[in-house]
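Subject: Handover of a structure

Dear colleague,

Please find the structure below, together with an account of what was found in it. I would be grateful if you would read the two side by side.

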Amino acid sequence: MGLRVENLGTSARPSIRIVVFHDGGFEDGTKRELRDELAWRFHLDADLREFDRRMRVDARFAPVFRRWRGMRGSNPYTLYELMIVGALLQNATVRRTVQMTEALLHAFGTQVRFDRRALFAMWTPAELCRVSEHQLRELKVGYRAKMIKRLSAAFAAGEVDEFKLRAMDHESARRELMALYGVGPETARILLGSAFHYHSMVRHIAPWEGKIYSRLFYNRRMVAESRIRDDLNRRYGAYASLAASYIFEDVFWRRRHEHIAWLEKEIRL
DNA sequence: CGGCAGGTGCGGA
DNA sequence: TCCGCACCTGCC
């Protein structure tokens, strides 16, 4: 299926319309399943009222929380797809991640055309299992080839149940994810926030993120990860990682309109 | 040409 | 639990 999402509402009265493009086999049952799945992936039923109330009185970042009101952890992908993205993000610049992603999609993805667009759908775990590590390395993904193989094998063998993970508590889900080859604390953080909508305790801050938080929170070059983490958890409690993501997103949004010298030095495209 | 990038697995303290 | 190290590749 190809989907087009249209905004039909306002912040006060949110409403969207989903237009579905398909080549047959779309029935009423499919429609309900699709709606439920989209509601999960984009966390459409998130209740952010308590979060809004709390952040509205934040001494320092209240304007940030106001500007992004309604934002929540979400993503359009399946867990497998997001995990592959996570593997391709590791230890790479954005440019290189894009290059690896395009190489893989052209080799193993399916190009679909709908709504006057041509997009790639990712391969399935089973399909990737028939690809050798050597073939992957030829597409310049480096040591990530092994991760892609092992993750695909785990999913193809039914060892990862996305729906079971959705029902788990934060810590259990994190433990299960980190047991997978290629998923460490940073990829787990991305998955837990984007795919599972856990927004409570901050467990891990990657070095490059730590540098950005250091500037934003302390106006210093580098503050210890443990201190940033503890401060965030103390200040924002059950909403610590959601609050952190608001503040993090905001600085990148500001970057589009104003020059932030220190930020330019911290990021490489 | 070394250093490093939106990390991770592994072996050893 | 924590630490140091190797690891594909491409850009600076």
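Val5, Ile16 and Leu44 together make up a nonpolar surface patch with about 260 Å² of accessible area. A patch of this kind joins nonpolar side chains (Val, Leu, Ile, Met, Phe, Trp, Tyr) within 5 Å, like charges being joined within 9 Å, and takes residues with over 30% relative accessible area and no salt bridge. A salt bridge is a side-chain nitrogen of Lys or Arg within 4 Å of a carboxyl oxygen of Asp or Glu. Accessible areas come from the Shrake-Rupley method with a 1.4 Å probe, and for residues only the protein chains shown count as cover. Val5 belongs to strand 1 (residues 2-7); strands (E, at least two residues) and helices (H or I, at least four) are DSSP runs numbered from the N terminus.

Please note that this is a predicted model, in which local features need pLDDT of at least 70 and side-chain atom pairs count only at pLDDT 80 or more, while totals for chains, interfaces and linings use all residues. Residues are numbered from 1 along each chain as its sequence is written, chains are lettered from A and ligands numbered from 1 in the order in which they are written, and side-chain values use heavy atoms, with hydrogens and water left out.

DNA strand B

There are 19 residues around DNA strand B, and the closest are Gly182, Gly184, Thr187, Trp208 and Arg268. A residue counts as near a strand if one of its heavy atoms lies within 4 Å of it. Of the atoms of DNA strand B within 4 Å of the protein, 69% are sugar or phosphate atoms, and the rest belong to bases.

Several polar contacts (pairs of N or O atoms within 3.5 Å) can be located here. A phosphate oxygen of DNA strand B lies 2.5 Å from a backbone N or O atom of Gly182, and for Gly184 a backbone N or O atom is 2.8 Å from a phosphate oxygen.

DNA strand C

Around DNA strand C are Asn91, Arg95, Arg96, Gln99, Arg137, Lys140, Gly142, Tyr143 and Arg144. The side chain of Arg96 places an N or O atom 2.4 Å from a base oxygen, whereas that of Arg95 has one 3.4 Å from a phosphate oxygen. A polar backbone atom of Tyr143 is 3.1 Å from a sugar or linking oxygen. Helix 5 (residues 94-108) gives the most to this surface, with three residues.

Two backbone angles

Asn91 is not a glycine, yet it has a positive phi of about 50°. Asn91 sits in the loop between helix 4 (79-89) and helix 5 and is exposed, at 69% relative accessible area; exposed means over 50%, buried under 20%, and partly exposed in between. Arg116, also other than glycine, has a positive phi near 60°. Arg116 lies in the loop between strand 3 (110-114) and strand 4 (117-121) and is exposed, with a relative accessible area of 87%.

Methods. A polar contact is a pair of N or O atoms within 3.5 Å; within protein, one must be able to donate a hydrogen and the other to accept it, and residues adjacent in sequence count only if both atoms are side-chain atoms. Buried means under 20% relative accessible area, exposed over 50%, partly exposed in between (1.4 Å probe, protein chains only).
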